[in-house]
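Please look through the sequence and the 3D structure shown below before reading on. The report that follows takes up loops, strands, cores and pockets in turn.

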Amino acid sequence: MLVKTRVAPSGIHGNGLFAAEPIPAGTPIWRFAAGFDQEFTPAFWSGLPELARTHARGYCFVIPGSLHLVKSGDHACFMNHSPDPNPGALPGAAEPVTTVALRDIAGGEELTCDYRAFDADVAWKLGLVHADAPLGTRVG
């Protein structure tokens, strides 16, 4: 995380990630940091015990195309889904993508992201496919 946050109970789902102070629009929020954040291949993930796979799937996002799983080393994994997120990537963002505040975010406000924008496993995370569905399963 590139801003101060805290994890607390969420009105959306379970625990969520909250801004610890006001965040002005355009402020960088998160960026992948190799070595701190982790990227796993689908083969590595499939070799894990079932409980570890379930845990990783719930806290990782899945890169479209490669189906690699990314686990944040920080609290970014607690961001819940919203179709109207407050941080996100700007169109045409270069790798590694940095998410930014899409609008002013108040201190204490929950940070949300739109899983559909970056996560190939969105159908699983939103409960639209069976719990045993393969990584990256799409719906209709």
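## A residue in a loop

Does Leu 67 count as buried, partly exposed or exposed? Leu 67 has a relative accessibility of 27% and therefore counts as partly exposed, where buried means under 20% relative accessible area, exposed means over 50% and partly exposed lies in between, with a 1.4 Å probe and protein chains only. Leu 67 sits in the loop between S5 and strand S6 (69–71), and its phi is near 60°, a positive value in a residue other than glycine. Most residues other than glycine have a negative phi.

The model is a predicted one, in which local features need pLDDT of at least 70 and side-chain atom pairs count only at pLDDT 80 or more, while totals for chains, interfaces and linings use all residues. Residues are numbered from 1 along each chain as its sequence is written, and side-chain values use heavy atoms, with hydrogens and water left out.

Helices (H or I, at least four residues) and strands (E, at least two) are DSSP runs that are numbered from the N terminus, and two strands pair if DSSP finds at least two bridges between them. Strand S1 (residues 5–9) pairs with S2 in the antiparallel sense over five bridges. Within this pairing, Arg 6 has Phe 18 of S2 as its bridge partner, and Pro 9 has Asn 15 of S2. The hairpin of S1 and S2 has five residues between the strands, and in this hairpin Gly 14 takes a positive phi near 50°.

S2 is also joined to S10 by two bridges, and these strands run antiparallel; here Phe 18 stands opposite Glu 110 in S10. Because four of the five residues of S2 are buried, this strand is largely enclosed by the rest of the structure.

## The sheet of S3, S9 and S8

Three strands form an open sheet in the order S3-S9-S8, with antiparallel pairing. S3 and S8 stand at the edges and each has a single partner strand, so one side of each is left without a neighbour in the sheet. The pairing of S8 and S9 is antiparallel and runs over two bridges, and Gly 88 has Val 100 of S9 as its bridge partner.

Thr 99 lies in strand S9 (residues 98–101) and is buried, with a relative accessible area of 17%. Not counting residues up to four places away in sequence, Thr 99 touches Thr 27, Pro 28, Ile 29, Trp 30, Gly 88 and Ala 89, where contact means heavy atoms within 4.5 Å. Gly 26 lies in the loop between strand S2 (15–19) and strand S3 (28–31) and counts as partly exposed, at 47% relative accessibility. Although Gly 26 and Val 100 are 74 residues apart in sequence, they are 5.4 Å apart in space, C-alpha to C-alpha. Leaving aside neighbours within four places in sequence, Gly 26 is in contact with Val 100 and Ala 101.

## Nonpolar cores

In soluble globular proteins, nonpolar side chains tend to be buried together. A nonpolar core is a set of buried Ala, Val, Leu, Ile, Met, Phe, Trp, Tyr and Cys residues joined through side-chain atoms within 4.5 Å. The largest such core here has 18 residues, and those with the most contacts inside it are Ile 23, Ile 29, Met 79, Ile 105 and Leu 111. The elements that give two or more residues to this core are S2, S3 and strand S10 (110–113). Apart from this core lies another, of seven residues, among them Ala 56, Val 62, Ala 120 and Leu 135.

## Pockets

A pocket is an open set of points on a 1 Å grid over the protein atoms alone, where a 1.4 Å probe fits, with protein on both sides within 12 Å along at least five of seven lines, and lining residues have an atom within 4 Å of a point. The largest pocket holds about 1100 Å³ of space, a volume being the space filled by probe spheres set on the points, which are joined across faces, edges and corners. Of the 38 residues that line the largest pocket, the closest to its centre are Phe 61, Ala 76, Cys 113, Tyr 115 and Phe 118.

The second largest pocket has a volume of about 220 Å³. Its lining includes Trp 45, Glu 50, Arg 53 and Leu 135, and H2 gives the most to this lining, with four residues.
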